Amino acid sequence: MEKIASFTINHIKLQPGIYVSRKDKVGAETLTTFDLRMTSPNEEPVMNTAEVHTIEHLGATFLRNHPDYKEKTVYFGPMGCRTGFYLILAGDYESRDIVPLMTEMYEFIRDYKDEVPGASPMDCGNYLDMNLPMANYLAARYLDNVLYGIDDSRLIYPD
């Protein structure tokens, strides 16, 4: 079997950033999949499931309520390796195009202090596995270390 595209990225050189993982045509529409890498693979500890789950709930809620992107958001969810998230948007985008959106989203997550949306037994299959303070911390870290002042080294996959 052929390796899928995401397994051909050099994860030894990969650093936190925003990368275009792939572009797919669905009819006349292009779907752009983004790799929102929050930790350095195989170097830093991975994120725990509670904070990943919290970021997923907050990020999905933010995106699906965003005035410009709610109709373009196809998916937002965690990578199985727990080093980041995938975002799929309807449209043909480059990494730089969504830096303002990701900055806004991660500021929302960093500053969020209320009940996590969907964190109830009726709304979620694992509602107790949440860690808002750690999600706030990881969002602040991603903003400070990656999004604020991002350059091409964090927008284009390494060779």
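Two strands count as paired if DSSP finds at least two bridges between them. Helices (H or I, at least four residues) and strands (E, at least two) are DSSP runs, numbered from the N terminus. With those terms, leucine 36 stands opposite phenylalanine 85 in E4. This is a predicted model: local features need pLDDT of at least 70, side-chain atom pairs count only at pLDDT 80 or more, and totals for chains, interfaces and linings use all residues. Residues are numbered from 1 along each chain as its sequence is written, and side-chain values use heavy atoms, with hydrogens and water left out.

**Overall plan**
- The chain has three helices and four strands.
- Along the sequence, their pattern reads β-β-α-β-β-α-α.

**The sheet**
- Four strands make an open sheet, in the order E1-E2-E4-E3, with antiparallel pairing.
- Strand E1 (17-26) and strand E3 (73-78) are the edge strands, and each pairs on one side only.
- Neighbouring strands of this sheet are turned by 15 degrees against each other on average, direction ignored. Axes here are lines fitted to C-alpha atoms, for helices over the stretch in contact, and angles run from 0 to 180 degrees between N-to-C directions.
- In a regular strand the side chains alternate between the two faces of the sheet.

**Strand pairs**
- E1 and E2 pair in the antiparallel sense over nine bridges.
- In that pair, glycine 17 stands opposite arginine 37 in E2.
- The hairpin of E1 and E2 has two residues between the strands, and glycine 27 takes a positive phi near 65 degrees there.
- Strand E2 (residues 29-37) also pairs with strand E4 (residues 84-90), antiparallel, over seven bridges.

**Helices on the sheet**
- Helix H1 (residues 49-65) packs on the sheet and touches E3 and E4. Contact means heavy atoms within 4.5 Å.
- The direction of H1 makes about 165 degrees with that of E3.
- Helix H3 (residues 132-147) packs on the sheet too, touching E1 and E2.
- The direction of H3 makes about 95 degrees with that of E1.

**Size and surface**
- A compact globule of 159 residues would have a radius of gyration near 15 Å, and the chain agrees, with 15 Å. The radius is taken over C-alpha atoms, and the globule rule is 2.2 Å times the number of residues to the power 0.38.
- Buried residues make up 45% of the 159 residues. Buried means under 20% relative accessible area (1.4 Å probe, protein chains only).
- Among contacts between residues at least 6 apart in sequence, 69% join residues at least 24 apart.

Technical notes. Buried < 20%, exposed > 50% of the residue type's maximum accessible area, 1.4 Å probe, protein only.
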